[in-house]
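The entries follow in the order I looked.

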Amino acid sequence: MPPAPAPAPAPQSPRPYILNELTWKTVKDTRYQVAVLPWGATEAHNYHLPYTTDNVQAERIAALAAGRAWERGARVAVLPLVPFGVNTGQLDTPLCINMNPSTQALVLRDVALSLAAQGIPKLVILNGHGANDFRQMIRELQGAVSLFVCTVNWYKVVDPKPFFSDLGDHAGELETSVMLHLAPELVRPLSEAGPGRARRFKLAALREGWAWAPRSWRQVTDDTGVGNPAAATAEKGRTYVEAVCEKLAGFLVDLAKADPGAMYE
């Protein structure tokens, strides 16, 4: 007789802070204090990281931080990720998907109005993409919605200098290390990665940063990377993510307790 088939694995219990995993049965009985909206981008990340790198990082760091905050009593809900960001400088790179800031503002407004109408008092945009800038959108929203809205760039929560030797800002040592920790199955061998060499602006003011213009990506870098990933390791990623998530979780706990009408000393 053929062997009996192995029993199907028991389904995992949903995490009560991840909306992707919840049903109305759970949500209707929970009074959520903070909603977290991960927001990423879809763009090339050198030859070794996937186009969805910013999405994977924002979504998983949101989940890790929210889980810690939940264990400390904060009722946090991580919303489904928005996978498209501002990529106007990469429109000539196939399958880089651009969402203009004006479109982002409309999406954010609709999300914020929905949450406000449902009595969710606070919203955190957890941003994972450097070209996304939600500050002016939040200023415009202030007079239109009743909820408190703020934005956090997860990669600025903790100073990366003590953790990484190369501080390039795209598919370099930091992002590669984080991906080796969070999603190693999505990372190609580092031997396939380009060096991430970036050309600088010729004009001193733009080079020094006191004048600003968006970068034209294909003119800046041949492999779409900015920063050398050669020194990246999963252990560096683990220690950095641990520090980021601990600090971010603390913020979510404090925000959950805070009175939006009394935010100043």
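**Entry: aromatic pairs**

I counted the aromatic pairs in this predicted model. The count came to eight.

I took the pair of Trp39 and Phe134 to start. Their centres are 4.8 Å apart, with 50° between the planes, and the pair is tilted. I looked up where the partners sit. Trp39 is in strand 1, and Phe134 is in the loop between strand 3 and helix 4. The two are 95 residues apart, so the pair links distant parts of the chain.

Then I turned to Phe164 and Tyr240. The ring centres are 5.2 Å apart and the planes stand at 75°. Planes over 60 degrees apart count as edge-to-face, so this pair is edge-to-face. Phe164 lies in the loop between strand 4 (148–153) and helix 5 (173–182). Tyr240 lies in helix 8 (residues 234–257). The pair therefore ties together parts that are 76 residues apart in sequence. I checked burial here as well. Phe164 is buried, with a relative accessible area of 5%. Tyr240 is buried, with a relative accessible area of 0%.

Which residues form one aromatic cluster? I listed Trp154, Tyr155, Phe163, Phe164 and Tyr240.

**Entry: a charge over a ring**

I also looked at Trp70. Arg75 lies over the face of Trp70, at 3.9 Å from the ring centre.

**Entry: helix 3**

I checked the length of helix 3 (residues 101–117). Its 17 residues, at 1.5 Å a residue, should span 24 Å. The end C-alpha atoms are 24 Å apart, so the span agrees.

Which residues of helix 3 are buried? I found Gln104, Leu108, Ala112, Leu115 and Ala116. They cover an arc of only 95° around the axis, so they sit on the same side of helix 3.

I then asked what the buried residues of helix 3 pack against. The partners are strand 1 (34–39), strand 3 (122–127) and helix 4 (135–141).

I looked at the face turned away from the buried side of helix 3. That face carries the exposed residues Ser102, Leu106 and Ala117.

Last, I read on past the end of the helix. Gly119 follows helix 3, and its phi is positive, near 85°.

Notes:
Residues numbered from 1 in each chain as written. Predicted model: local features only at pLDDT ≥ 70, side-chain atom pairs only at ≥ 80, totals over all residues. Heavy atoms only, no water. Helix = DSSP H or I, 4+ residues; strand = E, 2+ residues; numbered from the N terminus. Expected span 1.5 Å × (residues − 1). Buried < 20%, exposed > 50% of the residue type's maximum accessible area, 1.4 Å probe, protein only. Arc of directions from axis to C-beta. Contact = heavy atoms within 4.5 Å. Phe/Tyr/Trp six-rings, centres within 6.5 Å; stacked < 30°, edge-to-face > 60°. Lys NZ or Arg CZ within 6 Å of the ring centre and 35° of its normal.
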